[in-house]
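Work through the exercises below with the sequence and the model open. Each task is followed by a solution in steps.

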Amino acid sequence: MVFPVFGRRTWMGALVLACAIVLPGVAQAVDSAQLQLESFIQKVQSATGQFQQEQAGKDGVKRAQSGTFAFQRPGKFRWQVVKPYAQLIVSDGQRVYQYDPDLEQVTERKAGQAIGASPAALLFGSGSLDDAFKLQAQEDHDGLQWLRAVPKSPDAGFVHVDIGFSDGLPRQLVLLDAFGQTSRIQFAELKANPGIAASQFQFSVPKGAALVKMD
């Protein structure tokens, strides 16, 4: 399951989205985008960085977000939107919490339900990609090699995600969700396999915020 965007809300898959990571020191001399993705999953167990996301809806209106992220396999991540509004999504590997300060609301889900066959699984998971996705090579364009991941689950919440690679590294992610919206994510200031404090993947409901459990 992924979190769709309703107005100012963000879905975690765009988080994740997040296979568009440029990580120094992990490039491989491989001949396909699929092998590059598999190498990335095997070699990069954690990462931190910044993201820029642009989403275009059916109405043609483009919405931009930016912030920071961190992840650690399997299933732990922190996705923090800074602009144009604040929002935080945290997974401790067991539960996923989505906090919207403006609404003073926290949504809690089981990690398996939230990640499942979502784009987040491509980045944060550690299992076989073939179990959740059908992988298809795409034509090169914009100087990148492309791979399309189509979820096998009909409840994934998105149609497909395209990942662009260059020099053995994933650089762009373009996702078409079930609502006909297209999201493009780019990352910067990335560090591969850094030490990350355990507190980054822990979450406590802020005082005054309502907790909604989605189990």
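Predicted model: local features only at pLDDT ≥ 70, side-chain atom pairs only at ≥ 80, totals over all residues.

**Exercise 1. Classify the ring pair F69 and W79, and state which parts of the chain the pair ties together.**

Solution. 
- Start with the count: there are 4 aromatic pairs.
- For F69 and W79, the ring centres are 6.3 Å apart, and the cut-off for a pair is within 6.5 Å.
- The planes stand at 40°, so the pair is tilted; stacked would need planes under 30 degrees apart, and edge-to-face over 60.
- F69 belongs to strand β2 (residues 62-72) and W79 to strand β3 (residues 76-83), so the pair ties together parts that are 10 residues apart in sequence.
- Ring pairs also bring in F51, which forms a cluster with F69 and W79.

**Exercise 2. Are F69 and W79 buried or exposed?**

Solution. 
- The cut-off for buried is under 20% relative accessible area.
- F69 has a relative accessible area of 4%, so F69 is buried.
- W79 has 1%, so W79 is buried.

**Exercise 3. Classify the ring pair Y97 and F203, and locate both residues.**

Solution. 
- The ring centres of Y97 and F203 are 5.2 Å apart.
- Their planes are at 25°, so this pair is stacked.
- Y97 sits in strand β5 (residues 95-100), while F203 sits in the loop between β11 (182-192) and β12 (210-213); the pair therefore ties together parts that are 106 residues apart in sequence.
- Both Y97 and F203 are buried.

**Exercise 4. Describe the phi angle, location and accessibility of E104, then of N193.**

Solution. 
- E104 is not a glycine, yet its phi is positive, near 50°.
- E104 is placed in the loop between β5 and β6 (105-110).
- The relative accessibility of E104 is 47%, so E104 counts as partly exposed.
- N193, also not a glycine, has a positive phi of about 55°.
- N193 is in the loop between β11 and β12.
- The relative accessibility of N193 is 40%, so N193 counts as partly exposed.

Key: Residues numbered from 1 in each chain as written. Heavy atoms only, no water. Phe/Tyr/Trp six-rings, centres within 6.5 Å; stacked < 30°, edge-to-face > 60°. Helix = DSSP H or I, 4+ residues; strand = E, 2+ residues; numbered from the N terminus. Buried < 20%, exposed > 50% of the residue type's maximum accessible area, 1.4 Å probe, protein only.
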